[in-house]
Amino acid sequence: MKNNVELTSVGKSVQKIDGLEKITGAAVYTEDFDFGQGLLYAYIVESTYAHAKILSIDTSEAEKVPGVVKVFTGKDFPCKFGLYLADRYIFAQDEVKFYGEQVAAVVARNPKIAKKAAKLVKVEYQELPALFDQMEAFNQNIEGAAKNEIDKDAILLHPELEKYPHVPFIYPQAKRNIGHWRKTRKGDPEKGFEEADFVLEDEYFVPRYSHCPIEPHAAIGKFDTSGRLTIWASSQSPFTQRNIFATALKSLGISHKDVRVVTPYVGGGFGGKAGVTMEILAAAIALGVKGSPVKIVWNRAQEFYNTYQRLGAKAKIKMGFKKDGKITALKHQVYWDCGAYMEYGANTVNVIGLSATGPYKIDNVWIDSIAIYTNLPSCGAYRGFGYSEFSFGLESHISQAADKLGIDQVEIRRINAIQEGDTLAYGAPMNASGLHECIDKAAKSIDWGTKIESKDPNKVIAKSFVLFWKAPAMPPNASSSAFLKFNEDGSINLLVSGIDMGQGLLTVMAQIAGEILGLPVSKIRTENPDTDRNPYEWQTVASHVTWGCGNAVKKAAIDAREKIFDLIERVYSIPKSVLYLDDEKVKNSQDPNFAIPLKDFVIDGLYNKKENTFKGGPIMGVGVFLPEFSSTVCNVETSQGGKPNVHYTVGAGGAIIEIDKRSGKMTVLKMVEAIDVGKAINPSLVRGQMTGGAMQGFATVMCENMQFNDKGKLMNPNFTDYKIPTSKDAPLELDSIIVEHAQPDGPFGARGVGEHVMIACAPLVANAVENGLGIRIKDMPVIPEKIALRYKEKMNNK
Amino acid sequence: MKKITLKLNGETREAYVEYNDTLLEALRDKFGIKSPKCGCDRGDCGACTILLNGKSVRSCLILAIEADEQEIETVEGLTSANLCNLKDYTELEACGCFPAAEPVNISEIQKAFLKHNSFQCGFCAPGIVMSATELFRKNPTPSLDEIKEALSGNLCRCTGYLPIFEALVEVSEKGGNK
């Protein structure tokens with residue numbers, strides 16, 4: 001073997017391999033495909049009530065419009081679907097459950113005709129009482145459910161909930177508006193509170209948010225005349241979509257092998273393009289217009305209210321502390337507003353039920369994480385997957401407690417920070433972690449402990465500090481696979497089905513394969529997924545693909561390398577053990593003159609001089625990865641016994657924020673994040689995640705604000721009224737610190753980082769506001785208006 | 001339907017458009033120019049930014065018929081093939097210009113964006129490249145504040161803008177987008 005273990009590709013900030021395509025306009029996104037003259041367009045008829053019975057649907061006027069091909073309603077597709085909990089239909093059946101829900105679709109030869117005709121579809125509704133507050137929804141039918149009955153006054157959104165298919169680790173509560181209730185119990189919380197010198201109780205509120213990828217969802221479906229269904233979709237989950245399409249549409253005679261999902265470049269995902277949302281409309285409608293491709297593209301408003309939103313959360317936190325700051329017990333109850341359908345959101349709720357301790361060692365833990373149906377749009381995966389929501393409360397709470405105990409806000413975190421081998425809330429041991437290194441480096445970066453005075457008497461400058469963690473939320477059998485094949489010139493095409501939605505997966509996978517095979521990244525093209533061509537990947541979510549897909553790619557590269565060595569051994573009688581790959585050649589550690597270029601044999605085979613024959617043939621490699629140690633089997637009442645999370649990525653964040661006392665306007669003068677990524681395969685791309693995630697995190701707390709009216713209608717589904725940051729809102733300085741304590745089962749020690757970067761932001765702002773102005777804001781967003789009003793109130797009360 | 005004529009990336013092109021087609025719809029569906037993207041269809045996001053007679057505009061806010069007889073530039077027009085003049089391909093490796101660093105000639109702005117990994121998903125990139133191109137034509141050495149101002153109509157959700165600024169500051173420091 002090669003003695004030199006210095007890495008040549010991994011750990012380098014190479015340029016993104018998709019960079020040139022993207023800055024020249026060559027990159028193809030879903031809506032850029034041309035489908036010719038046969039293309040049809042679908043436009044959706046939407047519910048105008050948050051909760052109502054559908055009495056009748058009259059499509060006759062719409063059908064008369066020239067150019068209209070067909071009109072579909074719920075009756076055409078009576079099939080349910082869902083990833084974790086099958087609680088939704090393709091179109092509403094007898095009842096609508098949120099404002100904007102799809103009721104019917106008009107398919108026409110031209111998008112303008114489809115839109116015009118959709119207005120002619122007449123739907124008659126009978127309005128039903130609606131639930132917009134998760135606590136009100138939680139309180140419905142508590143007594144009735146105990147008797148397995150439905151009280152006549154109770155509003156139940158899914159009265160047949162107990163009959164819905166679901167994964168084994170989701171626990172729907174019959175006859176209630178509760179899709180899942182994860183309970184974690186560890187130690188003796190009551191005793192922990194008794195032993196505490198100080199107990200702090202408080203409540204925190206986090207509203208809903210929207211992902212806002214600049215590319216809205218788009219899908220084209222085609223059911224050809226031979227019975228093959230192809231979907232082109234902007235998606236994070238092509239294989240999961242294929243599975244759901246094939247399963248949901250099985251009654252229509254579809255088999256997995258006949259379903260193909262093609263995903264080109266994705267114009268931003270952030271979790272919103274995970275699982276299946278509107279894509280199922282393209283699949284279903286295609287079946288009804290056999291032979292013609294049909295396109296459905298969400299407009300910006302639909303992107304806000306009919307994909308997923310981030311879950312709303314109300315948290316009750318009770319924490320006990322010793323005088324020295326040590327946490328004795330935590331009771332953390334999170335009531336989640338999951339909307340009308342929670343098929344994906346149920347898993348968000350699940351993982352927070354396991355992880356709502358934050359990255360702290362706490363011996364006595366009580367967590368309830370409760371998924372509640374409401375008559376607002378559906379909620380699901382959003383970058384951070386519940387961790388941002390609970391961390392706002394938890395990190396606010398810890399800073400409040402530190403002040404009341406008279407302990408430094410960084411010190412209290414250092415005292416309680418989790419370390420490798422500590423027991424997690426669900427009983428398994430904590431993975432390798434450099435959390436204390438993250439704390440030290442982040443605190444140093446903002447010069448914690450020294451005060452900065454503003455020169456402007458109307459402004460204050462405040463510092464704040466938080467910790468965060470996150471584990472991938474995935475079933476125990478979520479697997480990845482990779483396939484690579486050499487070309488005549490020694491370059492390779494690497495096929496995976498992880499999605500590069502900007503984070504740099506294609507590049508990072510090329511770096512991993514290149515490292516093993518002695519190839520520069522310029523010799524590797526990683527292909528976007530096509531389920532016919534590329535091998536299986538569960539989904540690109542949970543910040544797990546660098547780890548999971550990376551492991552599969554590494555194995556595929558090793559597989560190809562071993563085939564190369566086997567061939568050399570067979571033809572040259574050189575033992576495999578002395579061979580290595582370097583500089584696009586096979587070399588021999590015992591013979592410096594031995595060097596065979598890969599391009600000489602990876603397609604055409606190796607020439608055997610003695611026999612005048614060729615040996616071998618095209619070199620290909622296959623790799624599969626499944627976390628075989630993971631298990632979700634545990635005690636339903638305590639969550640003890642399983643190993644549901646494969647690992648946590650941990651980090652620390654700090655901020656220096658200037659706040660105007662009169663207007664509440666904030667300027668982030670500096671932000672620091674120190675995150676233990678195990679190994680940065682590409683440091684430039686890791687920093688890219690940190691920068692973009694920080695901005696997205698600050699946006700949720702400092703400007704984004706979803707406004708529903710009292711009928712459950714979203715009033716600001718556009719970028720004029722729902723503000724996302726512009727170039728003028730970027731932080732002035734960002735320090736992205738990469739900490740590397742290797743993940744033993746990760747490729748070259750890597751673990752994920754994509755989501756973690758935004759978790760710190762909301763509590764950093766809330767903590768800075770308290771540190772600077774002495775007001776604690778416990779309800780997000782922490783926007784200037786709110787700060788100014790509450791500060792004024794405080795000064796008036798003085 | 002009405003026939004319109006555009007000087008599109010230097011070439012005179014004609015197509016029939018509907019009276020209510022936006023310029024964005026016409027460019028994408030009638031002229032096959034796919035780099036301008038539809039992100040909001042109401043002028044908020046800037047993903048459809050193109051240059052109309054040298055000025056950046058949101059092509060979703062203009063009717064195609066209004067652009068008749070006008071000059072349009074998109075990202076497609078900024079690149080050209082990086083061809084070697086040699087006739088015989090066997091001489092290519094010896095001539096020193098092959099393999100080219102990039103298979104196409106790109107502007108200094110684009111080179112800097114590549115070097116700094118400025119974009120992630122890339123959906124906003126064509127619009128931002130055009131806004132930046134306009135800025136550097138008017139002001140070859142803009143300040144960071146001028147860069148922020150020029151890009152303030154182009155939303156990017158992935159990057160936090162900082163890697164975009166880094167690239168453009170570097171172009172400015174080097175004297176402009178040659």
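This is a predicted model: local features need pLDDT of at least 70, side-chain atom pairs count only at pLDDT 80 or more; totals for chains, interfaces and linings use all residues.
Modeller: Side-chain values use heavy atoms, without hydrogens and water, residues are numbered from 1 along each chain, and chains are lettered from A in the order in which they are written.

Biologist: Why is the pair of Phe98(A) and Tyr341(A) called edge-to-face?

Modeller: Rings of Phe, Tyr and Trp (its six-membered ring) pair if their centres lie within 6.5 Å; planes under 30 degrees apart are stacked, over 60 edge-to-face, the rest tilted. Here the centres are 6.4 Å apart and the planes stand at 75 degrees, so the pair is edge-to-face.

Biologist: What makes this pair a tie between parts of chain A?

Modeller: Phe98(A) sits in the loop between β6 (95-96) and β7 (102-108), and Tyr341(A) in the loop between β16 (327-339) and α10 (345-355), so the pair ties together parts 243 residues apart in sequence. Helices (H or I, at least four residues) and strands (E, at least two) are DSSP runs, numbered from the N terminus.

Biologist: Are Phe98(A) and Tyr341(A) buried or exposed?

Modeller: Both are buried. Buried means under 20% relative accessible area, exposed over 50%, partly exposed in between (1.4 Å probe, protein chains only).

Biologist: What makes Arg185(A) count as a charge over the ring of Trp366(A)?

Modeller: The rule asks for NZ of Lys or CZ of Arg within 6 Å of the ring centre and within 35 degrees of the ring normal. Arg185(A) lies over the face of Trp366(A), at 3.7 Å from the ring centre. Arg310(A) lies over the face of Tyr382(A), at 5.5 Å.

Biologist: Why is the link between Asp32(A) and Arg28(B) called a salt bridge?

Modeller: A salt bridge needs a side-chain nitrogen of Lys or Arg within 4 Å of a carboxyl oxygen of Asp or Glu. The closest N and O atoms of this pair are 2.7 Å apart, so the pair meets the definition. Chain B and chain A have seven salt bridges between them.

Biologist: How many residues of chain B are in contact with chain A?

Modeller: 47 residues of chain B are in contact with 53 residues of chain A. Contact means heavy atoms within 4.5 Å.
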